[in-house]
Amino acid sequence: MKIAYLVNDMYGIGGTIRTVANQAAALTARHEVEVVSVFRHRDDPALPMPPGVRLRPLVDVRDHNGSTGVDGRPLYEGSERAGLPPELFPSEDTRGSTHSRLTDDRLEEYLTTTDADVIVGTRPGLNIVIARAAPEHVIKVGQEHLTYDQHSESLRRVMAAEYPGLDAFVTVTDADAHTYARRMPMPGVRVLSIPNSVPAPPFTTNGHNTRTIVSAGRLAPSKRHDLLVKAFASLADEYPDWTLRIYGRGGRRGALVKLVDSLGLHDRVWLMGPHTHVEEAWAQGSFAAVTSSEEPFGMTIVEAMRSGLPVVSTDCPHGPASIIRDQEDGLLVPNKSVTGIAEGMSRLMADDRLRRRMSAAALADSARFDPVNVVRLHEGLFSDLAGSPLTASDITPSVPQPRSESTTSCRVRAGGDGLVTLSFTEPPDLIELVHSGQRVTLAPDWRGQVVVDAARERLASHAWEVIRVDGDVATPVHDVEIHQQGYPLSAKRTSELSLVIPTRSAKGTLLLHVRRAAHHAEVEHVETAEGLITVQGRVLGRAEADARARVVVRLRDAPHTLREFSAPVAIGGLFTAVVDPAAVVRGRHGDSETWEMRLVLSDGTECTVGRHLSGVVGYKKIIEYPAQDLRSARGPGSRVRPYYTVNDRLGLVTSPLTPTVEVEDVRVRAVGRGDRLRFAFRLADALPEGVEAAVEIVRGTDAGRRYPLTIEGRRLTGTPPLLARAEYGETDGLRASWQVRLLVGPPGALSPIRADGVVGHTARRWNHGPYVRSVTVSPLADKDLKVTVADVHVWEAINRRLH
């Protein structure tokens, strides 16, 4: 039969997307499968689609020009229908604001013309669309990827009214299926649970000695990564060689950065961003941690277990307890308890034998979630609904498929020796490593392998693109599988820096990051406090002490401009440098500059300073050290912050300091013939010399543009041409609104100033004919202001008041 999955956006990263991909891949062995994505926001899916599965987008949102319709809905594909609220897709769904009449049109067109035998919805809004619009002859299946309690009361009312139009409704746990059966009866609808499936990864890990805890998932409130960070913080002193890596993207990243900052854990807790091949992240951990307050299923739990990691998870509703066998293949700890999470992690951090035993159990027990075991449940449901139940001959014993060799074209192995081995299923004639016009050519051996040794090939410390050469054809290497073993390396046991670290580019092609230096000081800890920056680490290959070693900070654009600070090296190579930011910016206040850092020994040996031995690249985006602010009697002052370069070397960046001022009052009024808006901000204090001010349009016509303001002591004034559009001049009864932001700071470095504490105000003036034009300015919760222009018909207003 032909089976179609309806997904909101298959081009992103998330649990539902991975689940649909897994189900589709398993079903393609015996069925035709199509995935229909309502939206397409990028050229290619972030997670690769399984072979044989067709991906069909309905609405292209890649090239939006900024125009909007009702409630700010973007006019995707230039369609006015995209600016109208949906009628088919329920507005009560949390994605209701992103849908429109255009998505309604495309969904209805697809459902009425598809030749699919089964259509599967993957969120409440799409389940409701299927129930409302799919033809009678199509089997309609709704899937629940959250839980009953995670939906709003208003959405549940619509679900209760429309779900009886489905043929079946599938949850991921028995507990949630029982909840729906009890609290939302659906006469005639088959309600059951089928767990999500997770295929066996191409490799597993023992991870016994990495001293790394891995967590992965959306950075969302329900995932409670804040509890995980606090629990780790309580153990950090007791287990100084452990680190925590958190993979994922989401709205809570900013709050987590602040939490890590407040706890001083920048060098121990890393926010890694999303990972398109999460099995590669699991393979670098000792165990996984999941601290959700609610978890519909727990895909990340199963993925970690399938990779050979035990899991410490909160015992939250509904999923974890249905996956983890407590004390056998993982630990269930009290929900929302920092102390409980810390106790669970401490047990595994302290006991290598326990981790080893649970790792083996996790690998064995998670086989029940293999697609070969789960797909039969879906096939059985679809066949029953089609009136042709599976026979005994159709059903094979439910055992996981043996782990097969990877089907990727290039397998990459990075070991603790710093070398990288590329293994090709179809070996090329040659491999070229390319960087900025430089080329290094390597040939595969008789096994089709290429070993990349940075020292032997004398590779510079850059990111090298890997090109395969077949005859006269040269193409980037893509479709890769990366397995890193033996990380992080110990600075105490590493004598020389010569590493090759594999990653993927934004386009999915293979990059090899070379980290190489004859003399190197590995950074282990950076602290910014009490007006100073302290850097601690270890000089590789050095055992003797050096009391006269120093850190030299050089201006990148003028290397002869330098600052020196004492950095004594102790026995064993440990060094500590204390950098005074005031000495760095002395005589250079208010400049934006970058400074390189080197450790210079007393014999003149110069060592690079950076962080490399963990096998991670891109610390510039992972670690955000706090800055030191230096006020100046004249001018804006300076901000000094440690940062990592693109090659993960440690340096300093200085920038002008944004003035700290508050907005006391804001007035916006119509001037001239009512065709211009005049802004007037009153500040609590006067701005320092050498700064500028502007108002930025965040939302509305001219969004993204900035208009300068005139500074007159504590007053900032300006008249941006917001009403200059022709449509505003030709409209009777105009109504328009903008979200605006006040910016102040040194030239080229303007920053937002909070204006959310001001009192709203309305100004009115006679405009034309019977209309009065009112301009209202009011604060928004996100520091910005809302400005609304409305023409009020005088006689209609009087009429309303009289009646």
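Cys-607 comes out as buried, at 2% relative accessibility. Cys-410 is buried too, and its relative accessible area is 0%. As for bonds between cysteines, this predicted model holds 0 disulfides.

Zooming out to the whole chain, the fold is built from 17 helices and 44 strands. The radius of gyration is 30 Å, close to the 28 Å that the globule rule gives for 803 residues, so the protein is as compact as a globular protein of that length. Laid along its principal axes, the C-alpha trace spans about 90 × 85 × 60 Å. Of the 803 residues, 53% count as buried. Contacts between residues at least 6 apart in sequence were also sorted by separation, and 64% of them join residues at least 24 apart.

Then there is the surface and the charge.

Backbone geometry comes next. Most residues other than glycine have a negative phi, and most peptide bonds are trans. A few spots in the model go the other way. Arg-224 is not a glycine, yet its phi is positive, at about 50°. This arginine sits in the loop that runs between β8 (212-216) and α6 (225-235). Arg-224 counts as partly exposed because its relative accessible area, 23%, falls between the 20% and 50% cut-offs. Leaving aside residues up to four places away in sequence, Arg-224 touches Thr-291 and Ser-293. The C-alpha atom of Arg-224 is also separated by 10.0 Å from that of Leu-256, a residue 32 places away along the chain.

Asp-648 is another residue other than glycine with a positive phi, here near 65°. Its loop links β32 (638-644) and β33 (650-656). Asp-648 is buried, since its relative accessible area of 0% is under the 20% cut-off.

Two cis peptide bonds also deserve a mention. One runs from Pro-317 to His-318, with omega near 0°. His-318 belongs to the loop between β12 and α10 (320-323). The other cis bond joins Tyr-487 to Pro-488, and omega there is near -5°. Pro-488 is found in the loop between β21 (480-484) and β22 (497-504).

Finally, a look at Ser-307, which is placed in the loop between α9 (299-306) and β12 (311-314). Ser-307 counts as buried because its relative accessibility, 2%, is under the 20% cut-off. With residues up to four places away in sequence left out, Ser-307 touches Pro-201, Thr-204, Thr-205, Glu-279, Trp-282 and Leu-363.

Note on methods:
Residues numbered from 1 in each chain as written. Predicted model: local features only at pLDDT ≥ 70, side-chain atom pairs only at ≥ 80, totals over all residues. Heavy atoms only, no water. Disulfide = S-S within 2.5 Å. Buried < 20%, exposed > 50% of the residue type's maximum accessible area, 1.4 Å probe, protein only. Helix = DSSP H or I, 4+ residues; strand = E, 2+ residues; numbered from the N terminus. Rg over C-alpha atoms; globule rule 2.2 N^0.38 Å. Contact = heavy atoms within 4.5 Å.
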